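Okay, thanks everyone for coming. I've got one structure to walk you through today, so let me put it up on the screen.

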Amino acid sequence: MKDEDKPPDRVRLPKSLFESLPGNRSAVRLAITVLDIGLGTLFKGPQLSLGDGSSVLNNRLVGLSVGRMHVTRLAEPLEIIFSHQRPPPNMTFTCVFWDATKGPTGDWASEGCSTEVGPEGTVCRCDHLTFFTLLLRPILDQSTVQILTRISQAGCGVSMIFLAFTIVLYAVLSPGLGHGLHPQQAERALPAGCVAGPCERGLERQEKLPPAPQGGAWYLRLSRQRFKSEDAPKIHVALSGSLFLLNLAFLITVGSGSKGSDTACWARGAVYHYFLLCVFTWMGLEAFHLYLLAVRVFNTYFGHYFLKLSLVGWGLPALMVIGTGSANSYGLYTIRDRENRTSLELCWFRDGTATYALYITVHGYFLITFLFGMVVLALVTWKIFTLSSVTAVKERGQNRKKVLTLLGLSSLVGVTWGLVILTPLGLSTVYIFALFNSLQGVFICCWFTVLYLPSQSTTVSSSTARLDQAHSASQE
């Protein structure tokens with residue numbers, strides 16, 4: 001047969017396979033099955049459910065069987081040649097087979113198989129007969145994992161310093177309650193978190209307020225009284241606290257690896273999961289509060305508002321962790337390289353047995369909070385850049401200020417976490433995600449400092465002028 005007449009995928013069975021058959025048979029029934037697994041859940045397994053970009057080449061697998069015999073430990077391996085183009089950058093091919101004994105539903109495994117990647121195809125050599133395929137997955141070898149771990153550890157350490165500064169800054173500025181704005185006046189003034197645009201539109205339509213007491217400063221972002229008279233900085237600090245604890249849990253989890261007993265590993269996985277969910281929840285609450293201030297504007301008063309937010313921000317993740325822990329989902333999680341060698345071990349969700357819990361409580365929950373934050377941020381962006389305000393102060397560089405405002409708000413609603421969506425594109429995007437996401441605490445601290453501690457002269461002049469125009473507009 002000429003080379004051009006050969007099928008793209010080929011199977012070569014060793015002579016020793018037929019020599020080892022019992023009864024010296026002159027003929028055997030050989031079955032070669034080709035299946036398309038694009039739809040449904042059959043032959044998917046936990047490895048394809050991790051959300052790390054792994055996939056089966058062309059959604060096709062090849063099954064080999066000889067009669068009803070269970071053929072294993074061949075003296076000479078069989079060969080399956082999968083034809084394909086070059087893999088995408090930072091992706092690798094791995095020969096795997098379906099192991100029905102792994103987990104409750106089975107999973108892909110590579111024991112007993114070797115992989116030889118060529119320019120026009122990959123040769124899989126295995127010592128048994130079953131279903132085979134070529135798994136396309138990201139390359140995370142030990143050196144790459146170590147570099148990413150060091151980047152994340154350094155970024156988390158720096159973020160913890162800035163987050164601690166943010167919390168201390170709030171503690172220092174907060175004692176001045178009761179000597180400036182009345183709480184109702186402060187709540188109806190320009191909300192913290194709005195530099196220009198839509199929040200002012202809501203302000204001009206509020207009912208006429210009684211004048212502020214003499215000696216009270218209407219500085220909006222500088223006065224200590226506004227820290228306790230509005231909830232925005234409290235929410236910022238709650239997010240900063242949850243992010244600080246998440247970074248601390250990450251450093252402990254990665255540093256300790258698989259050390260300790262199974263109970264200790266279970267506890268570390270549960271604690272890390274809890275603070276991760278707290279961060280997701282508080283980012284969603286930041287988006288909710290921004291929606292009330294900048295989009296809804298009217299009828300935004302809720303009794304014991306921050307207390308209710310705290311119950312959601314800290315209580316909802318606790319319930320999810322209790323439910324996940326009761327299913328014994330926490331345990332040792334292993335990251336392996338192309339040779340199936342261990343690159344990193346940490347306490348997280350158990351390999352293979354906790355896939356659905358991981359998808360629901362981490363991937364699904366993050367997707368909900370992230371999409372909500374993006375919708376709110378898009379609405380605020382639209383209002384800032386398209387809606388005019390009669391109280392807007394004509395200043396130079398307004399577009400630059402608006403862009404900086406949106407960048408600050410982006411750090412609060414977790415835009416850096418959205419970079420995880422791009423990680424399947426290649427290893428470079430993984431580095432970008434690890435760097436920027438670990439520095440979220442730095443971005444929040446910069447936003448918090450610029451928002452509440454601007455230069456006094458600029459703040460007094462611009463804020464006073466803005467409030468005077470808004471107050472006259474409300475009288476009209």
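So, burial to begin with: of the 476 residues in this chain, 47% are buried. Keep in mind that what you're looking at is a predicted model.

In terms of secondary structure, we've got 13 helices and twelve strands. And if you take the contacts between residues at least 6 apart in sequence, 77% of them join residues at least 24 apart.

Now let me zoom in on one helix pair. That's α2, residues 142–173, and α12, residues 440–452. How do these two pack? Their axes are 7 Å apart and the angle is about 30°. Angles under 35 degrees count as roughly parallel, so that's what we call α2 relative to α12. The crossing, by the way, is left-handed.

Who's making the contact? From α2 you have Val158, Ser159, Phe162, Leu163, Phe165, Thr166, Leu169 and Tyr170. From α12 it's Gln440, Gly441, Val442, Cys445, Phe448 and Thr449. Sort those by class and you get nine nonpolar, five polar and no charged residues.

One I'd like to pick out is Thr166, sitting in helix α2. Is Thr166 buried or exposed? Its relative accessibility is 1%, and the cut-off for buried is under 20%, so Thr166 counts as buried. Leaving out residues up to four places away in sequence, Thr166 touches Cys445 and Phe448, plus Ser240.

Okay, that's my bit. Over to you.

Note on methods:
Residues are numbered from 1 along each chain as its sequence is written. This is a predicted model: local features need pLDDT of at least 70, side-chain atom pairs count only at pLDDT 80 or more; totals for chains, interfaces and linings use all residues. Side-chain values use heavy atoms; hydrogens and water are left out. Helices (H or I, at least four residues) and strands (E, at least two) are DSSP runs, numbered from the N terminus. Buried means under 20% relative accessible area, exposed over 50%, partly exposed in between (1.4 Å probe, protein chains only). Contact means heavy atoms within 4.5 Å. Axes are lines fitted to C-alpha atoms, for helices over the stretch in contact, and angles run from 0 to 180 degrees between N-to-C directions. Angles under 35 degrees count as roughly parallel, over 145 as roughly antiparallel, 65 to 115 as roughly perpendicular and the rest as oblique. A crossing is left-handed if the near helix is turned anticlockwise from the far one by less than a right angle, and right-handed if clockwise. Ala, Val, Leu, Ile, Met, Phe, Trp, Tyr, Cys and Pro count as nonpolar, Asp, Glu, Lys and Arg as charged, and the others, Gly among them, as polar.
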